[in-house]
Amino acid sequence: EDALGAWVFRRKGYTEQDNPDHIGLILGRGEAMGYFLCSKGLQPTSTDILEGAIDASVTAGRRPHTLLPDDYACYHRLKFLFEKAAADDHTTIEYYHPPTPEETAAAMATLDDSEAI
């Protein structure tokens, strides 16, 4: 079974105003692979990430070689769980840094500029 690359688990927003439905996207190979729901608020749990990964893996017919959650506490929980897997063939866990306020402001300005055209 071939691994499908690295999957980023990125929340739609980091405040209630930006993400009232507590939704996150699973991004891989330059496109959305699926989504996940944060069941306990804005921060995902390891179960939220794993459920999203399983659903996306079933749909894709493969598993990712790397999961990259954007929540630091969730990253640590998943890393602990996955380190217990067989060392020769398992999915690795890495941390995906959320955008800085400056990156978010620049992206929003770009969106505002493109909508004006």
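The model is predicted, so local features need pLDDT of at least 70 and side-chain atom pairs count only at pLDDT 80 or more, while totals for chains, interfaces and linings use all residues. Residues are numbered from 1 along each chain as its sequence is written, and side-chain values use heavy atoms, without hydrogens or water.

Let's start inside. The largest nonpolar core has 15 residues, and Phe9 and Ile26 touch the most other members. Such a core is a set of buried (under 20% relative accessible area, 1.4 Å probe, protein chains only) Ala, Val, Leu, Ile, Met, Phe, Trp, Tyr and Cys residues joined through side-chain atoms within 4.5 Å. Two or more core residues come from each of strand S1 (6-11), strand S3 (31-37), helix H1 (46-60) and helix H2 (72-83). H2 gives the most, with four.

Beyond its neighbours within four places in sequence, Ile26 is in contact (heavy atoms within 4.5 Å) with residues including Phe9, Met33 and Ala56.

Ile26 also lines the second largest pocket, along with Met33, Tyr35 and Asp48, among others. That pocket has a volume of about 180 Å³. H1 gives the most to its lining, with six residues.

And the largest pocket? Its volume is about 210 Å³. Of its eleven lining residues, Lys12, Gly13, Tyr14, Asp18 and Thr104 are the closest to its centre. Helix H3 (residues 101-115) gives the most to this lining, with three residues.

Here, a pocket is an open set of points on a 1 Å grid where a 1.4 Å probe fits, with protein on both sides within 12 Å along at least five of seven lines; lining residues have an atom within 4 Å of a point.

How values were computed: Buried means under 20% relative accessible area, exposed over 50%, partly exposed in between (1.4 Å probe, protein chains only). Grid points are joined across faces, edges and corners, and a volume is the space filled by probe spheres set on the points.
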